[in-house]
Structure formats: structure tokens, C-alpha cells
Amino acid sequence: ETSSPERVSRTRTIADLVEEVGSLRSQTRLLGDDVAETGRQARATYQRMVERQLDVKARRLAKAGMLRLLGGLADCGFAWRDIAALAGVSVSAVRRWRQGETPTGDNLLRVARVVALVETLREDHLVSDVASWMEMPLAQESPLTALDLAVAGRLPDVVDVAAGHSTGESVLDLWRPGWRAEFRSEFEVFEAPDGEPGIRPVDADDA
């Protein structure tokens, strides 16, 4: 009896391996680019949808009138100066509305959008104390808060952070790309030999 000879596979050379790994890296890079582009498109679509949702809610809430809108924001813990900043008006304008002055339709809608944001954060994303949450720094290295984001008109970014779709750092990277250098401290906290925290200048070479 005879048997067919075993097929001997060709030994791959180092050149073959380099080519295979290089091809794999190219495929991985292209896949990464596709994923990143899909992520950007999804984020843009999501933000447009959030903007639309806030607009619809604001128009519904505006029917309650300015006094009720302002009272609701005050009950949530917002200071009058913060309400004015969020609505893009002066504190004196808010004071006049509280005293019964009739606002323009545009200003009524501005305040209603702030209330719509608060309602969205509280009801859709379980932020129980919205005013305090919005005053927390978005990143440990920065004093910027969700309140600052909202004042800048970036309401979808605030919702994005609350929903967990974005981190405070990633939102800051888009809004203020140089924020890390802008808010870099000249001092650092360290653990002293006695176990207590201390503070010292940051070495320029390590900054």
C-alpha cells in the first residue's frame, strides 16, 4: 500500500510576516477611522435631536408664563444671577419680570429653554439636584462647569455629560481645546512624610 505524500507548507519568511502585520495595521487604521467618523456623525445627530427636544419642551413650558418659570428655577436652587446668565439677559431684566413686567416673546422662550434643560436633566437623566450638579467642575483640573457650558449655549453638551455619552474632559476638549494649559496650576498637592497632604510648586520640567 502506498500513501500520498504530505503537503509541505511553505515556511513564511520575515518579509512575509512584516507584510502580513503591516496589512493588518492598515486595516485596523482604516477601521478606526471609520469608527471615529461614525462617532462624529452620531454625536452631531444626537445633538440636533437634543436641540429639537429642548425647543419643543420650551414652547410647551412657555405657556405657563414668566413668573411661574422663574419661580420654578428659583425653587430648584438657581440664583437670580445664574438664571440671568443662562437666559442671556441682565439681572435687572429678571428683577423686572419678577415684579410683573411683561417679557418679549424671545426672552420668554429663552427662560423656557433653561427650564426645559432642567426638566430634561431631572426627568430623563436622573439629576435630582440640577442646580448643584451644574456647579460641579467638569474636570478635576478645570473650574469650568456645566453651568458655564449652558451659558455658552452648549445645552446639548450638558445633556451629553449627564447622559454619560461624553466625559467632562472630552466636552472641554471640543469647547476649549487649550483648557489644560489655561488652567494648569503652579502648585501640586502631595503626601507629606507625616501622611498629611501638603502643597508645593510644580517642577517646571514636569509640568
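This is a predicted model: local features need pLDDT of at least 70, side-chain atom pairs count only at pLDDT 80 or more; totals for chains, interfaces and linings use all residues.
1. A nonpolar patch on the surface is formed by Ile 14, Leu 17 and Val 18, which together have about 290 Å² of accessible area.

2. The axes of helix α2 (residues 66–75) and helix α4 (residues 91–98) come within 9 Å and cross at roughly 115°, and the crossing of α2 and α4 is left-handed. On the α2 side the residues involved are Met 66, Leu 67 and Leu 70, and these meet Val 94, Trp 97 and Arg 98 in α4.

3. The next points turn to charged pairs, for which a search of the whole structure finds 12 salt bridges. One of them joins the side chains of Arg 43 and Asp 160, at 3.9 Å from N to O. Arg 43 lies in helix α1 and Asp 160 in helix α8 (residues 155–163), so this pair ties together parts that are 117 residues apart in sequence. The two partners can also be described by their accessibility: Arg 43 is partly exposed, with a relative accessible area of 25%, whereas Asp 160, at 2% relative accessibility, counts as buried.

4. Another salt bridge brings together the side chains of Arg 60 and Glu 119, with an N to O distance of 2.6 Å. Here Arg 60 belongs to helix α1 and Glu 119 to helix α5 (residues 105–124), so the pair ties together parts that are 59 residues apart in sequence. Arg 60 is partly exposed, its relative accessible area being 43%, while Glu 119 is buried, with a relative accessible area of 11%.

5. What does Arg 154 form with Asp 157? The two residues form a salt bridge in which the closest N and O atoms are 2.5 Å apart. Arg 154 is partly exposed, with a relative accessible area of 24%, and Asp 157 counts as buried at 2% relative accessibility. Through salt bridges that share partners, Arg 43, Arg 154, Asp 157 and Asp 160 are joined into one network, and a reader new to the structure may wish to view these four residues together with the Arg 43 and Asp 160 pair described above.

Technical notes:
Residues are numbered from 1 along each chain as its sequence is written. Side-chain values use heavy atoms; hydrogens and water are left out. Patches are made of residues with over 30% relative accessible area and no salt bridge: like charges are joined within 9 Å, nonpolar side chains (Val, Leu, Ile, Met, Phe, Trp, Tyr) within 5 Å. Accessible areas come from the Shrake-Rupley method with a 1.4 Å probe; for residues, only the protein chains shown count as cover. Axes are lines fitted to C-alpha atoms, for helices over the stretch in contact, and angles run from 0 to 180 degrees between N-to-C directions. Helices (H or I, at least four residues) and strands (E, at least two) are DSSP runs, numbered from the N terminus. A crossing is left-handed if the near helix is turned anticlockwise from the far one by less than a right angle, and right-handed if clockwise. Contact means heavy atoms within 4.5 Å. Buried means under 20% relative accessible area, exposed over 50%, partly exposed in between (1.4 Å probe, protein chains only).
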